[in-house]
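The paragraphs that follow lead a new reader through one topic, the aromatic rings and their surroundings. Please keep the sequence and the model in view while reading.

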Amino acid sequence: MKAQANCKINIGLRVVRKREDGYHDLDSLFIPVYGLYDELEIVKSASGEVEFINDGIAVDCAAEDNLVLKCFRLMKAKYPQIGNVRIILHKHIPFGAGLGGGSSDAAHTAILLNQLFGLGLSKEQLAQDVRTLGADCPFFIYNTPCHAEGIGDILTPVDFSLAGKRLVIIKPDAAVSTKEAYAGLVPSGQTLGDMANWLTWSNDFETTVFAKYPEIAAIKKRLLEAGAFYSAMSGSGSTVFGLFENDSEGRTMTDLRLLEEEFSPMIIFNNTL
């Protein structure tokens, strides 16, 4: 069985407060980006509990620490009827980018295991199962625009669409860890506010990340100069995205050729949603 484990972007991200458990309460809008995805395949196997093959973009962790394997072992412990499998992950979504690629891989692993072994689990149960693997893992179970609160795991589906807009995602060489993004960040105490004003929403992580990585700040500046009507860092970085208007024929109303020449090695997605 196969799945396209897509990424997401954040429209706005406010770090509201630090909790007593050491985590932070967030307020953000999660938007799935179906056109940029990792390819995941899981098949039943007659040999070994699990065989894991990972190609494409190299991930900076040991295979045993990959969220795909962590999800398999979690699900296997909870649902013993899951048998031996062979898992193949073709990685296209960069890590340390704020796009949720690892969380999506984990969520789609749970989805495929549910289908492959006929577990009959609801989306709600799957979301609960993968929650311990990462705060945004449940989002990829639902995979629809959601208002995210708590540590990113309290999800409310929203009627929000970017259909017809051009999305450009740029990933520089820098990879920003969540720990690094939080270093020195003072919670704003503010929430996103009215959905009608989403064009004014900002990402609180830009304060600390841009100070340490001016090259990431420069990408946002160039996207806005190129005509993006909205640009922001996604999640805790280091990816920056820009949204552009298309005309009635679906053609981009902004000439992106100079932008593509300047950032061509870094542009990992440039398409109409």
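This is a predicted model: local features need pLDDT of at least 70, side-chain atom pairs count only at pLDDT 80 or more; totals for chains, interfaces and linings use all residues.

The structure as a whole holds seven aromatic pairs. One of them joins phenylalanine 30 to phenylalanine 139 in an edge-to-face arrangement, with 5.3 Å from centre to centre and 80° between the planes. Because phenylalanine 30 belongs to strand S2, which covers residues 24–44, while phenylalanine 139 belongs to helix H4, which covers residues 137–142, this pair ties together parts that are 109 residues apart in sequence. Phenylalanine 139 is buried as well, its relative accessible area being 0%.

Another edge-to-face pair is made by tyrosine 182 and phenylalanine 205, whose ring centres are 4.9 Å apart and whose planes are at 85° to each other. Here tyrosine 182 sits in helix H5 (residues 178–182) and phenylalanine 205 in the loop between H5 and helix H6 (206–212), so the pair ties together parts that are 23 residues apart in sequence. Is phenylalanine 205 buried or exposed? With a relative accessible area of 3%, phenylalanine 205 is buried.

Finally, the reader may turn to a group of rings, for ring pairs link Phe160, Trp198, Phe229, Tyr230 and Phe241 into a cluster.

Definitions and conventions:
Residues are numbered from 1 along each chain as its sequence is written. Side-chain values use heavy atoms; hydrogens and water are left out. Rings of Phe, Tyr and Trp (its six-membered ring) pair if their centres lie within 6.5 Å; planes under 30 degrees apart count as stacked, over 60 as edge-to-face and the rest as tilted. Helices (H or I, at least four residues) and strands (E, at least two) are DSSP runs, numbered from the N terminus. Buried means under 20% relative accessible area, exposed over 50%, partly exposed in between (1.4 Å probe, protein chains only).
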